[in-house]
Structure formats: C-alpha cells, structure tokens
Amino acid sequence: MSSLNIIQPIIQLETEKPQMSKGQWSVLEKQGYRKIGNHSAVKVCEWTKKMLRGHGGCYKYVFYGIRSHQCLQMTTSMFCASRCKFCWRGLKAPVSKSWYGPVDSPEHIINHSIDAQIKLLQGFKGSKNLVNKDNKKKVSEMENIRHVALSLTGEPITYPLINEIIKAFHKRKISTFLVTNAQYPEQIKKIDKVTQLYLSIDAPNKKLMEKIDRPLYKDFWQRMEECLDLLKTRSYRTCIRLTLIKNENMTDLQGYADLINRGKPDFIELKSYVWVGESQRNYKPSNMPFMDDVRQFSKKLLEYLPDYEIMREHIPSRVVLLIKKSLKKKCWIDFPKFFQLLEQNKPFTAEDYCSKVMMPNK
Ligand code: SF4
C-alpha cells in the first residue's frame, strides 16, 4: 500500500556543504538507485532478484535466515568518512566526517523506501520466467518487506535519528541489519536494539588500514578501537566482517585476532573482495581470493581464536562464517522471538533469539 502522502516534518541542521549534485544522482539512478528524500537511497539487491527467479538466496539467507526476496537494501546516508580502495564507488563518492544538511524523518524514509522497492520490483509480476509455483509464491510475498539491510552505500549510522528509524522498522516487524565501518562510536552508543550490528574491519593493523581505507579522521584507529570496545558490550547479535583482498590484507593473523578478541563478536564473516566498479582502478582480478583461499585463511585465523569455530560457507559469495562456540552452532535468527523480546521490553541477550540452522548449505 502506498504511503507517499505521509510526509513527516524535516529537521534542518546547519548546511555547511553542498548536497550531492544532480549529475551524481543521475549516474546513480542509471545504476538502479532511487533517491529517497534528502539523503537516503534504495537499490534492489541482486540477491532479491535471484531469489525471485528461483536461483537461491544470499549468504545471509543461508547463514541467518534472511529471506532475500523480502529484503530492503538501503542507506540513510550517501556520505562516508573513508575512501576505501576496495569500494566500488571510488574517489568521486561524497565524503564527510560529520552530518550536514536536512534530516528526514524515519517514517518518511521508511514509507518512501518501501514504495520505491515495490515499484522497482513490479516487472516480476508479469515475468514469463516465473514458471514454477514456488517462484510465484515468492513474487506474491515480495511486497511484504521483512528485513532491511542498512548497508547499501555511505555510512547509514551517521543519520542523526538512526536509533529512531531502527525502532520504527521493528514496530513494523522488519528486522534490521546495520553495517558500519567503525568510525562512529558515538553513534553506536545511541543504538538501543538492532537485530544484528556489523563492524567492517578492513585491515589487521594501523598502517595497512590507513593505506586501504584512506580515512578522513586522523584518529581513525582509536575510533575503530572504541567501536570494538562498544561491540563487546552489546546485548544483541554482533558480527565483524573482514573483506579479504589477496596480496593486500590477507596477512598479520595475530593483528586480526587481537581486534576480534577485543570486539568479541558473536559471528565473523570472512568475505572475498569483489573486483567491481571504481575499485578496478586500485586492484586486479587476481586480488580476489578464491573460495579455497578464503577457507584456508579462515582455518589459519581460527588457530588464534580458540573461542570460535567454523559454521558455514557460501560458495557463490566466497564467504565463510565463524561462530562463537558458546552459541552452540545456532546461527539462524528466530525472528518472531526477537520481536517478542522487544515487545517485552526487558533486557535480553543475542543467544535468546538464536536458533538452530534450518536450511541446507548452498
Ligand atoms: S541481506 Fe544483503 S545480500 Fe541479502 S538480500 Fe538483503 S541486501 Fe541483499
């Protein structure tokens, strides 16, 4: 159902810098993005389309139970405080250390994002490729968004009302995955509950992180350490993601282990770098590790992490999942339980909404 008529008031912060130009937006539109309000964007994930075509779900489906065809991929900020060499966006992407400009309301962003996603998916309704019953069922479910991945581009966590928007998603029984590059500890502190919080850790030591992430903040390393210290104290599910780049950051296992042991996440994802977009200027196809490279690296890293074990892998995405042994291999999310715990408004732990694996490894 369209909710475009519900336009919420917008908070105006002091505008110090220009917004993204029309030219920048039109390039992104051609790539499938849809601008939402002043600072948010939606893009249909390739895995959403694959699942609708009956080609399987994303690795978060296999690892955690995210139904890819009912997942909204979006961001609440196009701006980022790093210029990572492996990012597909390249140096033309807008960067900023702090928020500036207007702040759209959570309801405005959610309503328009869902509408934009539904509009972008309309073609599936008349698709002749949807031959079997199962696909038709998925198409009938696609407008009922059940998950949001706040990770599309930029740094969604910088949105001043990040905690409010997460709560608003939860009110609609939409689970939340939030990814941050670990530069905003003060924003992490704001988040009351999220289904799963990710920190991207792109290098095992300060020197390499400066080289790969090209951060705007001079105190980028201390910021990341502070984020790790906070991660350890969170009561909801947490994950550290390593993007592995061959001949670049697949080194210094002790360095990675020290950072991981500092953050004590519930999960660790080791994922291959993908040679796409502007990152092709910085790397070669040979910088993408094969699945076997990722497996070998994961096994070696585990030698430094006695509290973790291998859980699963997803070959199409070249990713391996490690899990805390104390979770007893319960990597899937019990979504009804998660929302029930929120409604009860009592303290809970990650373990309270972890469930046994239900899907075969794909
Ligand atoms: S969880 Fe991520 S990869 Fe999976 S469907 Fe959602 S946006 Fe795509």
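Start by selecting Cys 45: it has 22 C-beta neighbours inside 10 Å, so it counts as buried. Keep in mind as you go that this is a predicted model. Cys 45 sits in the loop between S3 and helix H2 (46-52). Leaving aside residues up to four places away in sequence, Cys 45 touches Ser 68, Cys 71 and Gln 73.

**Next stop: strand S4**

Now select residues 71-75, which form strand S4. Is this strand enclosed or open? 5 of the 5 residues of S4 are buried, so the strand is largely enclosed by the rest of the structure. Colour the side chains by face to follow the pattern. In a regular strand, side chains alternate between the two faces of the sheet. Here Cys 71, Gln 73 and Thr 75 lie on one side, with Leu 72 and Met 74 on the other, and both faces are covered.

Then bring in the strands that pair with S4. Strand S3 (residues 40-42) runs antiparallel to S4, joined by 2 bridges; look for Val 42 opposite Met 74. Strand S6 (residues 147-150) pairs with S4 in the parallel sense over 4 bridges, and there Cys 71 stands opposite His 147.

**A helix crossing: H4 and H6**

Show helix H4 (residues 106-120) and helix H6 (residues 162-171), whose axes come within 9 Å and cross at roughly 50°. That angle makes H4 oblique to H6. The crossing is right-handed. To see the contact itself, select Pro 106, Glu 107, Ile 109 and Ile 110 of H4 together with Glu 164, Ile 165, Ala 168 and Phe 169 of H6. Sorted by class, this contact has 6 nonpolar, no polar and 2 charged residues.

**Last stops: two positive phi values**

Which loop holds Lys 264? Lys 264 is in the one between helix H10 (253-263) and strand S10 (267-272). Its phi is near 40°, a positive value in a residue other than glycine. Lys 264 has 16 C-beta neighbours inside 10 Å, so it counts as partly exposed.

Finish at Asn 345, in the loop between helix H12 (335-344) and strand S14 (354-355). Phi of Asn 345 is near 55°, again positive in a residue other than glycine. With 8 other C-beta atoms within 10 Å, Asn 345 is exposed, whereas Cys 45, where you began, is buried.

Technical notes: Residues numbered from 1 in each chain as written. Predicted model: local features only at pLDDT ≥ 70, side-chain atom pairs only at ≥ 80, totals over all residues. Buried ≥ 20, exposed ≤ 12 C-beta atoms within 10 Å, placed from the backbone. Pairing = 2+ DSSP bridges. Axes fitted to C-alpha atoms, helices over the stretch in contact; angles between N-to-C directions. Parallel < 35°, antiparallel > 145°, perpendicular 65-115°, else oblique. Left-handed = near helix turned anticlockwise from the far one by under 90°. Contact = placed C-beta atoms within 7 Å. Nonpolar A, V, L, I, M, F, W, Y, C, P; charged D, E, K, R; others polar.
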